[in-house]
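Please take a look at the protein below.

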Amino acid sequence: MKRTTTHWALAGLAILMATSTMSCGGDAGLEISDAWGLPSPSVATTGAFFLTITNNGAEDDALIGATSPACGAAELHESSMDDQGAMTMQPVAGGRIAVPAGETAVLEQGGLHVMCINKLEEFTEGAQLDLTLQFEKAGDIPLTVEIRER
Ligand SMILES: [Cu+2]
């Protein structure tokens, strides 16, 4: 009886470890969720990725860059409304998106996003694209991002 209990406890632990490795991408503190990309026509040269970063660790971190085989380059951008009421975007101030310990950074339409410059793959609905996020402390976290309508 004791042996059976131990066996199940170990199995549970293994599942727990596998789950946390998947959601945290190699770092104990960062959790990336809701990663998706906006469908765009083939003629468009750029695309955009959105995601949520939760820092469950005790140490502040920051997203400082991204790379993707689907993009000639990937940049961290922020959209804003100019004084004429038109949407514009520019690289994020300081080249980093801070994710303080215990906080969540949300990259969403109309705000922060990862901009794909010179698309090398189709951003058609249902496509699964590789994206690697680069963090100041956690290093690289690879993701698969699904292209879909919000
Ligand atoms: Cu942009």
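**Confidence and layout**

This is a predicted model, in which local features need pLDDT of at least 70, side-chain atom pairs count only at pLDDT 80 or more, and totals for chains, interfaces and linings use all residues. Residues are numbered from 1 along each chain as its sequence is written.

The score pLDDT is the predictor's confidence in each residue, from 0 to 100. The mean pLDDT of the protein is 87, and 81% of its residues reach 70 or more. Residues 15–27 are a stretch with pLDDT below 50. Beyond near neighbours in sequence, that stretch has 10 contacts in the model. Two residues are in contact if their C-beta atoms, placed from the backbone, lie within 7 Å. Where pLDDT is low, the predicted coordinates should not be read in detail.

The protein holds one helix and 10 strands. Helices (H or I, at least four residues) and strands (E, at least two) are DSSP runs, numbered from the N terminus. The order from the N terminus is α-β-β-β-β-β-β-β-β-β-β.

**The core**

Of the 150 residues, 23% count as buried. A residue is buried if 20 or more other C-beta atoms lie within 10 Å of its own, exposed if 12 or fewer, and partly exposed in between; C-beta atoms are placed from the backbone.

Which residues touch the most other members of the largest nonpolar core? They are Phe49, Leu63, Val114, Leu131, Leu133 and Phe135, out of 28 residues in that core. A nonpolar core is a set of buried Ala, Val, Leu, Ile, Met, Phe, Trp, Tyr and Cys residues joined through C-beta atoms within 7 Å. The elements that give two or more residues to this core include strand S2 (46–55), strand S3 (61–67), strand S4 (71–81) and strand S9 (128–135).

Leu63 lies in strand S3. Leu63 is buried because 26 other C-beta atoms lie within 10 Å. Leaving aside neighbours within four places in sequence, its contacts include Ile53, Leu76, Ile97, Leu133 and Phe135. Val114 touches Phe49, Ala66, Ala74, Leu76, Leu107 and Leu131, not counting residues up to four places away in sequence.

**Strand pairs**

Two strands pair if DSSP finds at least two bridges between them.

| Pair | Bridges | Facing residues |
|---|---|---|
| S2 and S8 | four bridges | Phe49 and Val114 |
| S4 and S8 | seven bridges | His77 and His113 |
| S4 and S5 | five bridges | Ser79 and Met89 |

The hairpin of S4 and S5 has five residues between the strands. There, Gly85 takes a positive phi near 85°. Strand S5 (residues 87–91) lies largely in the open, because the number of its five residues that are buried is zero.

**Loop residues**

Gly111 sits in the loop between strand S7 (104–107) and S8. Is Gly111 exposed, partly exposed or buried? Gly111 counts as partly exposed, because it has 13 C-beta neighbours inside 10 Å. Leaving aside its neighbours within four places in sequence, Gly111 is in contact with Glu78 and Ser79. Gly111 and Glu78 are 33 residues apart in sequence, and their C-alpha atoms are 5.3 Å apart in space.

Pro100 is in the loop between S6 and S7. Pro100 is exposed, because 12 other C-beta atoms lie within 10 Å. Its contacts, leaving aside neighbours within four places in sequence, are with Asn55 and Asp60. The C-alpha atoms of Pro100 and Glu59 are separated by 7.1 Å, although the two residues are 41 residues apart along the chain.

**Positive phi in strands**

Asp34 has a positive phi of about 50° although it is not a glycine. Asp34 lies in strand S1 (residues 30–37). With 11 C-beta neighbours inside 10 Å, Asp34 counts as exposed.

Asn118 also is not a glycine, and has a positive phi of about 60°. Asn118 lies in strand S8 (residues 112–119). Asn118 counts as exposed, because it has 12 C-beta neighbours inside 10 Å.
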